[in-house]
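This report describes selected features of one protein model, beginning with a sheet and moving on to helix packing.

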Amino acid sequence: MMLTFGWVGAVKKLFSGNKLRSVPVADVQSHRVMPEFKGNLAVTPTEGAFTLYDLVKDAFEKYAEKKCMGTREYLGQHSPKVKKFGGVSWKTYGEVGFEAHKFGAALREAGVLPAPEETTLQKFTSPCSVAIFENTCAEWMIAAQGAFTQSIIVTTIYATLGIEAVIGAINDGEISAIVCNKCNVGLIMSRIKDMPSLKTVIYTSSMVAPDDVFDIPDAPKGVDIVSFEDFTQSGDTSKYPPTPPKADTTAVIMYTSGSTGKPKGVVLTHKHVVACSASVYYLLPTYDDDVYISYLPLAHIMELMGEFLFLSKGVTLVYADPKTLTSKGSYPQGALEVFSPTLMVAVPKIWDSVKKGVEAKISLASPVSQFLVKTAFQARAFAQKNGFDTPLFKKLVFKKFAAALGGRMRYALSGGGALNSEVQDFTRTCFGVTIVQGYVSLFQFYVSNFDFVTFLTDI
């Protein structure tokens with residue numbers, strides 16, 4: 001018997017008048033606001049939490065025994081373009097909270113002071129910020145959490161930027177401490193004379209293999225070079241108990257990537273970032289078994305506010321290098337296969353690459369298989385737009401595609417710019433993943449779902 005799919009057209013005709021798309025509700029053309037928040041914008045994802053310190057302090061206790069952060073052991077290059085990894089090391093929420101508070105106390109011991117309670121755009125006259133010049137990793141987030149336990153500002157510098165960007169940020173903020181990768185210590189010390197305020201260099205060993213050798217130069221008088229682990233261990237929380245920030249305290253000075261000239265520092269208060277987190281929380285629900293894969297730069301607001309939101313809800317965070325998400329750049333498995341995340345953030349370029357990759361594989365299949373996949377796509381896309389799904393095609397066709405993202409992906413956040421509607425619809429149909437779009441424009445933060453209902457959080 002020949003299998004046909006003429007019924008697909010019949011089903012489409014049956015539901016052709018059933019329009020379940022959302023209707024714009026705002027009276028401002030530049031955006032649309034979810035009805036329940038019109039005139040009453042959300043300001044926090046957690047009742048009573050108005051700072052980034054508030055968001056995570058309760059989580060450290062509530063989820064103390066739960067896995068908080070996971071990192072694969074980097075073993076070096078398997079081949080010129082493929083990295084090799086070992087097992088996963090885990091930290092619980094209780095352990096992360098303990099380390100964060102000790103890191104904050106160590107910053108105080110190193111001479112870094114709490115920032116003023118209210119944000120000012122005037123130049124700071126005292127060392128009240130720590131710079132982070134490192135790729136996304138567990139140490140990055142622990143350092144930020146530690147700074148916030150003492151009302152210390154986090155100044156972010158993209159790890160891909162050169163030494164001139166580091167010098168500019170350090171001198172702009174009179175910064176006395178910096179967190180960087182071990183491989184960059186020599187670079188920073190080579191220009192230490194150009195950064196007279198810098199007194200403490202704290203290095204991580206993220207993505208440093210056991211056999212990698214980096215010479216740590218002798219520090220000049222008045223400058224300390226210390227590993228992240230030793231620095232954290234030195235923190236005395238009895239001498240420096242938490243000094244929580246206020247909602248109007250500066251949380252982050254976020255330097256741009258410098259694509260349009262010299263990197264510029266954007267000043268964000270705690271309430272700014274918390275409000276951004278709230279906007280995502282109401283569109284992207286979390287569950288007890290959620291796992292979020294972190295690989296985009298924490299120096300970008302989308303990743304930063306996302307991680308703090310997920311931490312506040314007890315989500316497990318796992319860290320990966322962006323080039324090792326799949327087995328194409330990672331041996332023996334890609335990070336997506338190892339961790340099977342349920343949540344992720346990506347930029348439009350990545351989603352576009354995923355779409356092209358899937359289409360390329362489909363083009364290599366037999367004509368019959370291509371016909372089946374095309375029919376499955378049409379049927380599921382139509383069903384989803386009308387509030388349904390296609391269980392048969394989901395099991396026969398789309399289960400294999402979903403495996404490429406780990407097999408459990410539910411929600412994804414796309415940031416850095418608007419996502420092409422065709423790519424968005426393709427991703428939803430192919431992987432069964434709901435994508436929430438978010439991007440920063442001037443002083444407004446927008447989030448939209450598949451029905452193009454947009455929620456505005458005023459920052």
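## The sheet and its helix

Ile-253 stands opposite Val-267 in strand 9. The model is a predicted one, in which local features need pLDDT of at least 70 and side-chain atom pairs count only at pLDDT 80 or more, while totals for chains, interfaces and linings use all residues. Residues are numbered from 1 along each chain as its sequence is written, and side-chain values use heavy atoms, with hydrogens and water left out.

Strand 8 (residues 250-255) and strand 9 run antiparallel and are joined by 5 bridges; two strands are taken to pair if DSSP finds at least two bridges between them. Helices (H or I, at least four residues) and strands (E, at least two) are DSSP runs, numbered from the N terminus. The open sheet contains 7 strands in the order 7-6-5-3-4-8-9, with mixed pairing. Its edge strands, each pairing on one side only, are strand 7 (224-227) and strand 9 (265-269). From one strand to the next, the twist averages 20°. Helix 8 (residues 270-281) packs on the sheet, where it touches strand 8 and strand 9, and its direction makes about 80° with that of strand 9. Contact here means heavy atoms within 4.5 Å, and axes are lines fitted to C-alpha atoms, for helices over the stretch in contact, with angles running from 0 to 180 degrees between N-to-C directions.

Val-358, found in helix 11 (residues 348-363), is buried, with a relative accessible area of 10% (buried means under 20%, exposed over 50% and partly exposed in between, with a 1.4 Å probe and protein chains only). Not counting residues up to four places away in sequence, Val-358 touches Phe-401, Phe-426, Cys-430 and Phe-431.

The axes of helix 11 and helix 14 (residues 421-431) come within 10 Å and cross at roughly 60°. That angle makes helix 11 oblique to helix 14, given that angles under 35 degrees count as roughly parallel, over 145 as roughly antiparallel, 65 to 115 as roughly perpendicular and the rest as oblique. The residues of this contact divide into 7 nonpolar, 1 polar and 4 charged, where Ala, Val, Leu, Ile, Met, Phe, Trp, Tyr, Cys and Pro count as nonpolar, Asp, Glu, Lys and Arg as charged, and the others, Gly among them, as polar.

## Helices 2 and 4

The axes of helix 2 (residues 52-62) and helix 4 (residues 138-149) come within 10 Å and cross at roughly 105°, and the two helices are therefore roughly perpendicular to each other. In this contact, Leu-52, Tyr-53, Val-56 and Phe-60 of helix 2 meet Gln-145, Phe-148 and Thr-149 of helix 4.
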